[in-house]
Structures are given as structure tokens and as C-alpha cells.
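Please look over the structure shown below with the briefing that follows, which is grouped by topic.

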Amino acid sequence: MPDGGPGPRRSAGRPGPAGGLRPVLSGRSVAGQVFVLQVVVVLVLVAAAVVALVLQARYDSTQEARNRSLAVAETFAAAPGTLEALSAPDPTAVLQPRAEAAREATGVDFIVVMNPDGIRYTHPLPDRIGKKFVGNIGPALAGEPVTEEIDGTIGRLVQAVVPVQEPDGTVVGLVSAGITTEHVGGAADRQLPLVLVAAAVGLAVATAGTALVSRRLLRQTHGLGPREMTRMYEHHDAVLHAVREGVLIIDGEGALLLANDEARRLLDLSEDAEGRHVRELGLDPATAELLASRRVATDEVRLVKDRLLAINQRPTDVAEGPAGSVATLRDSTELRALSGRAEVARERLDMLYAAGVGIGTSLDVTRTAEELTELAVARFADFVTVDLFDAVLAGEQPEAGLELRRTAFGGIRQDPPLYPVGQRIRFVGSSPQARSLRTGQAILEPRLKAAPGWQAQDLERTAQVLEYGIHSLITAPLRAGSLVLGLANFWRSRKPEPFDAEDLALAEELVARAAVSIDNARRYTREHTMAVTLQRSLLPRSLPEQNALDVAYRYLPAQAGVGGDWFDVLPLSGARVALVVGDVVGHGLHAAATMGRLRTAVHNFSALDLAPDELLTLLDEMVARIDQHEAEEDGSAPVTGATCLYAIYDPVSRHCAIARAGHPPPALVRQDGVVEFPEVPAGPPLGLGGLPFETADLELAEGSRLVLYTDGLVEDRVRDIDVGLDLLREALEHAGPSPEDTCRAVVDARLPARPSDDIALLVARCRALGPDRVAAWDVPPDPAAVAEVRSSVTRRLADWGLEDLAFTTELILSELVTNAIRYGGTPIRVRVLRDRSLICEVFDSSSTAPHLRYAAMTDEGGRGLFLVAQLAQRWGTRYLASGKVIWAEQPLP
């Protein structure tokens, strides 16, 4: 509508769309009458629901009272001790406390035990004990339970009477239980508010629906009267014929209903054109067919006589309107000459926009160079090559020089005689590439046949390039600030026109945007390489030798950056082995450094032979101290978040103790291939403090596989951990029996193409130290028993073929057993293990640890542990819940 023209106005006294609720509530309109009918229906339904609810509640209360009283009476009558109590000298003393306890536990109002004559033995009111029971006991005396409703002193109640019978069926007593119906009711009270709320919602919905209907009726006419509608029609008709754009309205049969003055002029229509079919208007067949087809058209250019008309057409029945179409005509003859140049400018702007969003989508130098070639090929050049310094590919800062490596290639064909990808190229000083590197400016060679400097690069190859049809070149340096990272070369062959100055400006703009992305990728490559180097140096380079477990592992760093996942296999005393898997939250150098500190701490704590929960407690305190220290030095320092799982496997008992701090649970693959996730209590992540850690004790069969992993294997941004655990279970079910096969199957099945988080996977197959390699003896607390222990150990070493270790073993055990007898507590046990070394263990119930000291020349004692330390390869103390173990290891010959 033109500016200043009168718009539609509402008639006086007519309500607008927003005021449609008042006539509805008045009831005078059709919508108001429908609203009243809806209210009546809702109220009738609510009343019926309330009546049905009350009746059902009464029936349910009575039935529930019957069932509960009968169940309580039968249970008490059949309870152990009830029959014996009836024959006791004082049944009340025995049964009264039981009856009251049962009454309070079951919620009934009374439990009465009586003799066959109905004399009460028990009652909630002690003054009624000994009086006759009120109720029907005849069926119960005949051996049948009876339930009845009566009006008692406490209200309407239901009571049940059941017999207490001897094994021969003789009734020796009766038990009655009763409850008032009001104590089992209340359902109606709870459900009645819901019914009333539903009624209120129904009324609200009915009111809203009726108001919407009324508003829609008013919206159809916009609240206008006949006079306003006439004025609006006259105004629209004046506008239609005044605009400088042709308008045609065509009905569903293809007849012209209306044509404004501009349409008549552009199409040269006759005065009687309205009412005739568009194919009869003398138009060219293509234009007539378009107008008759009613199809959607947007700026379709048609040559009508000597004019170029841009035609737009839309159907009128898309929004429940009448069948037909509306077409607009615009004379674009004068714009035709400018459309070619505008299209070229639009394509170049579109290319620059595509370069902004399409180049640099990854932080990979080579991929970024390839994105530049993919963008420019066919749209700007026929062939594009990118040459970079080797230092850039390695993430380093490039130095000045003329030797580059071809990094990316793209073209309309794959067989041009250009240098291939991967080849090192040293440009001669006269070549445009060398001049571009020296000056830092893009250089245009419009005709390569007349460019002797370019041809001098490689006479044979340049001749092949010219013969292939490549005739024009733009070479532009990839500059990021003052650094020149390499060159981008644009070659033209298919289009006969050479590159011009406008093409050179476009190439400079494209290369400038690509250079920023390549430099970002170079910097990221440098930082990523540094972080990966640090992380790799902190992870175990090889697994220690031990016989308890067959172990295989995989470590896969994230594509987005280095993380803090780690794992370890730590041999412990007594042929035991500890398995550790942990994860530090975040990525980058901070996470990798924190991982190294935690891994070192676990190594140190494991040397103390602590239980898993105790080790995690110490680790939790250490992480909390790290956070506190960093917060004091730098208030913006990130809080360290970490998870850890620590497991200790004993090949002698085949027990595995596991504790975890916020870490995913382990998976266990049984010998038969069944996969399960054992219940291991989930403690809080490290550093939170306040909550204790718990240890789970599992018994693992020989040959079963324990699978430990970090959350990157089972969880990511698009997949929940429950889905990841199900997929891990499926992968483990189809994995081979060896740990290496298991790692390979899990990684192949679960590894995403570009993991967003680090993945650490540790698979351990359990071995057992057989009875033929373990010897144990109980030692009485008598110094004379030491000689018997030495003899037994000597015989067992002879059986094992270790006679060479007999002398030193006797000395070690003599000192350890003597100390246990003198200073320890009973029981005392000795155990000898033959593993990768000979292990001697002495257990006693005392928690006092021995201390190694150096005796003076005049001391008569104090040299025992010093002797043990000299003879053994390693020795130490391991604390248990019921005492301690002093152990010593000797290398096998």
C-alpha cells in the first residue's frame, strides 16, 4: 500500500479480534451457546466421576479391610509359638506383647487371642482381657475362618476370626483381627482433587477454544463494515492500476480475470482481453504456456516482441484461496546489458565468502592447502597447486629460501605435466615463483609462451606444460604477517583468455585468507607435537615383566588435542600386580603435565602396598592440594579434575580388589565369553574430597580377561555412556581370547574416525600361581619351631631344584620367623612362592612394623633385618586387615 494511503479501519461498535471473549461469555452468539453446552457436559461428567469415585472407594475400603484383617489373623494364628502359648500356664503374658507388636506392625486396630469359649487372652485395652469376645465364633470353632462387619465402640469395623488347631485338627484357641474401614480408606480424598483439577482444565480448554473460534470469525472481516470494505476495494483498485509493474490475475481455467494498465502496455493487450483464455491473447507460445500452467516462476526472462520481461508467477490456492494464479511482469531490457558484469562480481563475492567458511575447517596444514585447491578449481582456475616449506609442514617457522615441497594439487583433470604432490622443488631465480618469494607480491604471467624466466625452470617440463594447453599463470605468496609460508599457483588452460589484473586481485584475496588458516594450522601442529612428545614421554614405554597377567594395551590420542589419559601395570610384592587407568579432564600441556604428576604419585603410593581404597584416598588428597596451591598462585588456574581406577590382582588366591574414583566400571570377559560389568562402588572424582572410597573384591577364574578403559572409548558428545557400554559389550563378545586380539577387536569396533577424547585401553588375562609353586606352614609361637621351618623349606626348595638358594633362604626365614615369634602376635604363618623370583613371606597378627637399623660393634643384637636386606634382592612390609606380612625376594639362579 502506498505511503499516506488510508488503511483499513474498524466500524464503530464492532469488536476487534482481541475483544472476542466478551460476546462469547454473554451467550448471545453461536460460539457462546456452544461454550455453555460444553460447560454443562463437563459438569455432568465431573459429577458422575465424583459419585463413581465415592462408591468405588467405599467398596475398596471394605474389601481391603476384610483381606487385611483375615490375613493378619491367619498369620498370627499360624505364627511359631502361638499354639504352644495357648497351652502355657499364663497365655496372656506370652501372647499380649506379641499381639501388640503385630498390631503396630500391620496397622490393624486390634488382635485378640481367646480360648474356645471366647474368653480374651489379649486385647489393646488391658482391662478387657478376660472378658468374652463380641462376635460370631461359631464357624471358627468348626475349623473355618469367618469375617463379619459390625459397629464397634471405635466405629464401623471389619473383624476376622480364625481357629488355632492342633495337628489332629482340634481347635484349642481363636485369633481375631479387626480394622475400621476409615483406616483403609482415603483413596477418594486423594483422587477427588485430581478430578476437580481435570474439570477446571476442561472448562479452561472450552473457554479458550470458544474464544479462538470467535476471534477467527472476527479476523475474517478484520472487524470492518460494508462501507469500509467498499472503500478498501476502491483504494486497492486504484493502486493496482497505478503501479509501474504489470499484474495479471488468471482463473483456474486459464482465463484472464484482470490486467492492470502496465500489463496491457507491456503485452499490448486489446480492450476485450479480460475473460479470454491466455492462449487467445496473441502472446508467443512459450509465454502463453507459462501463464496457463499456473506453475511457480521467479524472474523468468521472456522475449515478448521487443521487450525482455522478467515474469514472476504464484498460484492463489496455496492458502485455501480460489484456484488460479497471479503473475507480475517487469521490464528488464535496460538491465540486460549489466547482468553479465554483475554475475561475474556476484560469483567472485560468492567465492570469497566460500573461502572464508570453507578454508581452515581443520587444523591440518596439508588439508587446509587442499581446501584452497578444491575451492579455486573450475570456479577460478583450471589447475591449482600449493607449495610449502618443509618447516611449515612440521609446524616450525620457515626460513628464507627457494626450495619448497608440493603439498596440494587440484584440477579439472588429473594428468597435467606439473610437478607431482610430495616432490621437493627448487625454483630458479628467474622464475615467477622465485620472484614472488623474494618480493612477497603476487605475480601475473598472462602468456607463458612469452615468459622465458618461467621456462628456464625446467625446459623439458615447461615445454610439456605448454603443449598440454596451460597458457596463463598467477603465483601468489602465502603470507602470514612477515612470514612467507609458501606459494599458491593458479593455472589456466580451458578458457582461452589469459588471467588479467582483476583475476590477480581475486587471487591475492583468496591466498591471503588461506595463508591465515595455514599459519593457524602450523602453530597448532607445533603445539600439538610438543604436547604429544610430552605425553608420550610420560606414558609407559614398555610393560614390566610379571607372570600374574597377560597384558595388552592401546593408547589413542584425541584429534582435538593431547589429553591426560594414562595407564600402568605395577608389580607388587607376593607376585601380585596392580593395574591403573586414569583420566585428567581437559586437553593440552596442563592436562599432560598433571597426568605425569598423578602417574608418578601412583607409582610411589603403590610401593607402600596400600589397598586400592587407601591409595585413592591419598591420591585424592594430593589432587586437592594441587588445586589449592595453584589457586593461591593464580586465581584463574583451572581446577584439576581427574578419575582413576586401581586394581590389585593376586595370582595365588585369584582375587582382584578394585576401587574407582569417578571412573567408568571395568568389564570382565569370563572364560565362556560372557561379558559383564562387575559392581564396583563409584567413588567421587579425585580432588572433591569428603566421601570415602570403597573396594570391591572379585574372584577371577584363570583365563578370564579384565578390561579397563577411559571414558573416551564409551562416551562422546552424540552418544550416551549406556549406549557406549552396550557397544563395548558387543565388541568384547566377538573378540579373540588373547588380550592383543581383544584390544584389536575393541578398537576396530569402537574407535570413531576422529576421536574427540583420548582413549586408553588395558586388557589383562588372568593367570594363576598353582599349588605346586606355593608352600605354606603354620608356625607355633615357640623358638624351637624355627628349626622345623628351616627343614621344611629346605625340602621344598630341593623339590623345586633350588638347592643353591637353601642357605640364604634359611637365614632369611630364621630372622623373620624369630622376629615374628618374639615381637609379633599369633597366628604366625610362613609362605614361600616360586614365581619370577623366590618370595618368602612371614605373617603375624601384630601391626607393628620392624625397622632396619645398623647395630654398633658392641651390640649383641639388631642385625637381623640388616642381614635380610643384604641377602634379599628386595624386602618390605605389607599390612593386612588382621596383621602384617614381612616379605623378601631372591632372584632365581
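Arg461 is partly exposed, with a relative accessible area of 23%, where buried means under 20% relative accessible area, exposed over 50% and partly exposed in between, for a 1.4 Å probe and protein chains only. The model is a predicted one, in which local features need pLDDT of at least 70 and side-chain atom pairs count only at pLDDT 80 or more, while totals for chains, interfaces and linings use all residues. Residues are numbered from 1 along each chain as its sequence is written, and side-chain values use heavy atoms, with hydrogens and water left out.

**Arg461 and its surroundings**
- Arg461 lies in helix H15; helices (H or I, at least four residues) and strands (E, at least two) are DSSP runs numbered from the N terminus.
- Leaving aside neighbours within four places in sequence, Arg461 is in contact with Pro417, Leu418 and Tyr419, contact meaning heavy atoms within 4.5 Å.
- The side chain of Arg461 reaches the backbone oxygen of Pro417 at 3.3 Å, and a polar atom of that side chain lies 3.3 Å from the backbone oxygen of Leu418.
- Although Arg461 and Tyr419 are 42 residues apart along the chain, their C-alpha atoms are separated by 8.6 Å.

**The largest cavity**
- The structure holds three cavities of 30 Å³ or more, and the largest has a volume of about 140 Å³.
- On a 1 Å grid over the protein atoms alone, a cavity is a set of points where a 1.4 Å probe fits but cannot get out, whereas a pocket is an open set with protein on both sides within 12 Å along at least five of seven lines; lining residues have an atom within 4 Å of a point.
- Grid points are joined across faces, edges and corners, and a volume is the space filled by probe spheres set on the points.
- Residues that line the largest cavity include Arg461, Leu418, Tyr419, Arg406 and Gln433, and helix H15 (residues 459-468) supplies the largest share of this lining, three residues.

**Asn489**
- Asn489 has its place in strand E15 (residues 483-492) and is buried, with a relative accessible area of 0%.
- The side chain of Asn489 makes polar contacts with the side chains of Asp387, at 3.1 Å, and Gln433, at 3.5 Å; a polar contact is a pair of N or O atoms within 3.5 Å, of which, within protein, one must be able to donate a hydrogen and the other to accept it, and residues adjacent in sequence count only if both atoms are side-chain atoms.
- Beyond neighbours within four places in sequence, the residues in contact with Asn489 include Arg406, Leu473 and Ile474.

**Nonpolar cores**
- A nonpolar core is a set of buried Ala, Val, Leu, Ile, Met, Phe, Trp, Tyr and Cys residues joined through side-chain atoms within 4.5 Å.
- Of the 52 residues in the largest such core, Trp566, Leu579, Leu619 and Tyr646 touch the most other members, and E19 gives the most to this core, with seven residues.
- A second, separate core of 46 residues includes Val377, Ile474, Ala476 and Leu487.

**The largest pocket**
- The largest pocket has a volume of about 740 Å³, and of the 32 residues that line it, Arg576, Asp650, Arg878, Tyr879 and Leu880 are the closest to its centre.

**The protein as a whole**
- The protein has 23 helices and 31 strands, and buried residues make up 44% of its 893 residues.
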